[in-house]
Amino acid sequence: MPTALTGERIRSVRQLLGISQVDLADAASVSQSLISQVENGTKEVSEELVQAVAAATGTPRSFFDFMPPDIPLGTLRFRKLASARQGDTKRVKALFDEAFRVVAELLDNASYPIPNLPVAVGEVSQDEIELLAARTREALLIDAEGPIKHLTRACERAGIAIVPITLPNVDDDETEAVGHFGVSCWPSRDEPALIGYFSGGPGDRHRYTIAHEIGHLVLHSNRRVIKDPEAEANRFAGALLVPEPHAREIFSVPVTLSDLLRLKAYWGVSVQALIMRGSQLGLIDEHRKGSLFKQLSARGWRKSEPVTVHREEPALVWRLLGHRFGEPFAYSRVAESLGLQAVILRSLAPTPGSRRSLANLS
Amino acid sequence: MVADMAKRLDAHSIDGRHGVHIPFGARQPGPSQVGAATPGQRSWKCENRRDNITAMATPEDWTIVKDALSPLCEPLYRCADRSQELADDHFILHGMEHEEHPGGRAHLARHHLRSELKKELKKEKKLGGWLVSRPRPNGEVTLTLGTMTLRMLRPGPTVVETFPAPPPGRNRARVYYYRNPELTLFGPAGSKLIGIWAFDPEVEEVAIRVVRPVREWRFGQYEQVDINFWLPRLSEDMAKLEFVPSDEGIVLPLPDELEEGDEGADGTDG
């Protein structure tokens with residue numbers, strides 16, 4: 001039965017699909033004013049309207065009975081470009097809200113452990129960020145030294161679910177245009193944590209984005225007033241992926257781009273991120289940094305670096321679906337039960353290997 | 001450190017031999033002589049002179065030359081970068097001005113290049129089989145791989161984007177080198193190549209252009225070369241490097257994933 005909150009859900013499905021009230025009204029053969037009124041709560045929602053919207057958008061009827069968790073705004077962090085449009089950010093938030101709702105339910109159903117990450121409190125210095133990154137490696141059961149072989153899986157083991165984000169009706173290649181890289185949330189220490197990353201782009205960007213988002217979980221889930229959270233998360237990402245002692249060793253001698261490419265293949269970290277890491281620690285001066293970036297630009301490597309870092313594939317959510325619904329499961333069957341479009345479920349929890357297979361075919 | 005770098009760049013901006021972009025007028029090589037890639041986008045790409053009726057290079061020639069030079073690109077660039085830096089440092093450290101010592105920096109860099117290549121051979125033994133030939137009074141650096149030779153020269157008399165190869169002049173040995181007679185005896189494996197190297201202000205590092213001369217030319221005339229390319233900084237092997245993530249040994253703590261004894265297992269992994 002429709003409730004007072006069903007109008008909110010109609011707004012959610014619209015934001016999720018990135019369509020206007022006019023588009024939705026056209027598709028559902030109702031007036032735009034009706035959509036506007038139910039979304040604003042000035043008119044009750046009829047079952048007929050819910051059915052019409054569900055049919056027009058390919059949304060399971062059950063979607064309108066679920067309410068997404070009330071994620072405190074301060075715990076939701078985006079890694080995005082300043083140029084990202086507000087509309088796209090709303091859309092990402094709508095998708096992430098639904099993803100969090102579904103993933104939290106699946107984790108709870110499997111009695112999956114919740115993350116036990118260190119949490120920063122109060123003022124945090126740069127040295128403390130380095131220390132917190134080291135403690136995070138411990139919490140994720142990752143060796144204190146050397147490269148992280150599979151950051152995604154280590155997070156998943158520790159209870160941090162990771163999902164690729166693909167906006168409905170937006171191709172992977174277009175996600176860059178949307179201007180978002182990642183998003184994360186950890187409402188409280190006794191709740192699950194979720195990280196989403198945009199699935200377009202190279203593997204090194206995904207790893208960095210995930211490391212950056214872990215930085216938000218560690219540094220910002222318990223602090224509200226932070227001067228520059230993105231800079232802190234970047235420092236953390238660098239420290240997690242290339243711990244300080246290693247970075248000092250790398251930059252103890254003058255490095256060339258050739259050296260950095262070899263290091264990229266070893267650490268799974270982009271040349272640009274390695275340069276920034278050297279700069280963060282004051283191991284290369286501004287002039288050298290500028291010179292290296294100039295060389296990268298001149299070779300067209302700012303957008304596309306040599307040395308492939310293969311993408312890590314999340315597996316936890318897919319396994320949780322299998323655990324809950326039995327394997328093999330059909331996304332269409334699961335969709336009604338979880339109240340989310342099958343196509344969105346598939347994008348959040350792709351069958352492991354499917355992306356690789358498709359990439360090989362193309 | 002920053003001040004030193006600034007001085008170094010300043011020095012380049014006044015030193016025509018090191019990279020200031022001076023209009024080259026009649027001496028500028030024809031467009032087909034110059035690699036299509038801009039200096040910043042160097043990759044293995046050869047531009048044969050289609051308007052050169054004496055051009056001899058075949059695709060096979062190009063492949064043989066490329067394969068021979070491939071393992072040399074990285075160490076050669078490493079040594080050239082270092083040599084340039086040492087020569088610059090010397091000028092800065094001793095307050096020397098280019099106007100007072102024209103060509104001095106080029107001589108220093110040339111000698112340092114030889115020294116750095118020798119060090120590289122001793123330390124890494126990785127010049128891809130290339131050897132540094134015996135010392136010459138003018139510090140000329142020549143590398144050999146069997147019958148193939150690469151003579152490292154500074155561009156002259158002024159540097160433009162195209163790094164023109166200097167003409168051989170009247171020195172008979174050099175004229176002989178430019179005529180590439182070994183091509184008839186050994187084929188492309190007997191190529192006598194010229195590597196023109198200098199600081200490229202566009203990318204703030206050394207750039208090397210390789211040509212194969214087919215006859216001599218005079219100052220002001222077009223270069224007579226049939227193979228011509230910017231030496232890339234990376235060999236193709238280097239471009240094949242990759243990072244492959246591995247989740248081996250990472251078990252997700254799902255009830256049906258854990259085998260007996262897994263639960264609570266200690267230990268870490270990368």
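Modeller: In this predicted model, helix 5 (residues 86-109) of chain A packs on helix 15 (residues 316-325) of chain A at about 60 degrees, with 9 Å between the axes. Helices (H or I, at least four residues) and strands (E, at least two) are DSSP runs numbered from the N terminus. Axes are lines fitted to C-alpha atoms, for helices over the stretch in contact, and angles run from 0 to 180 degrees between N-to-C directions. The two helices are therefore oblique to each other (under 35 degrees is roughly parallel, over 145 roughly antiparallel, 65 to 115 roughly perpendicular, the rest oblique). Helix 5 of chain A contributes A:Val103, A:Glu105, A:Leu106, A:Leu107 and A:Asn109 to the contact (heavy atoms within 4.5 Å), and these meet A:Leu316, A:Val317, A:Leu320, A:Leu321, A:His323, A:Arg324 and A:Phe325 of helix 15 of chain A.

Residues are numbered from 1 along each chain as its sequence is written, with chains lettered from A and ligands numbered from 1 in the order in which they are written. Local features need pLDDT of at least 70 and side-chain atom pairs count only at pLDDT 80 or more, while totals for chains, interfaces and linings use all residues; side-chain values use heavy atoms, leaving out hydrogens and water.

Chain A has a mean pLDDT (the predictor's confidence in each residue, from 0 to 100) of 88, and 91% of its residues reach 70 or more. Residues 356-362 of chain A fall below 50, and that stretch has one contact in the model beyond near neighbours in sequence. Where pLDDT is low, predicted coordinates should not be read in detail.

Elsewhere in chain A, helix 3 (residues 32-40) has A:Leu34, A:Ile35, A:Ser36, A:Val38 and A:Glu39 buried (under 20% relative accessible area, with exposed over 50% and partly exposed in between, 1.4 Å probe, protein chains only). Their cover includes helix 1 (6-17), helix 2 (21-28) and helix 4 (47-57) of chain A. After helix 3 of chain A comes A:Gly41, with a positive phi near 80 degrees.

Strand 4 (residues 193-198) of chain A is largely enclosed by the rest of the structure, because six of its six residues are buried. A:Ala193, A:Ile195 and A:Tyr197 point to one side of strand 4 of chain A, and A:Leu194, A:Gly196 and A:Phe198 to the other. Strand 2 (residues 160-165) of chain A pairs with strand 4 of chain A in the parallel sense over six bridges (DSSP must find at least two for a pair), and A:Ile165 stands opposite A:Phe198. Strand 3 (residues 180-185) of chain A pairs with strand 4 of chain A in the antiparallel sense over four bridges, with A:Gly182 opposite A:Tyr197.

Chain B has an open sheet of six strands in the order 1-2-3-4-5-6, with mixed pairing. Strand 1 (131-132) and strand 6 (225-230) of chain B are at the edges with a single partner strand each, so one side of each has no neighbour in the sheet. Strand 3 (residues 148-153) and strand 4 (residues 192-200) of chain B pair in the parallel sense over five bridges, and B:Leu193 is the bridge partner of B:Leu150. Helix 3 (residues 73-93) of chain B packs on the sheet, touching strand 2, strand 3, strand 4 and strand 5 of chain B, and its direction makes about 125 degrees with that of strand 5 of chain B. The axes of helix 3 and helix 4 (residues 104-123) of chain B come within 8 Å and cross at roughly 135 degrees.
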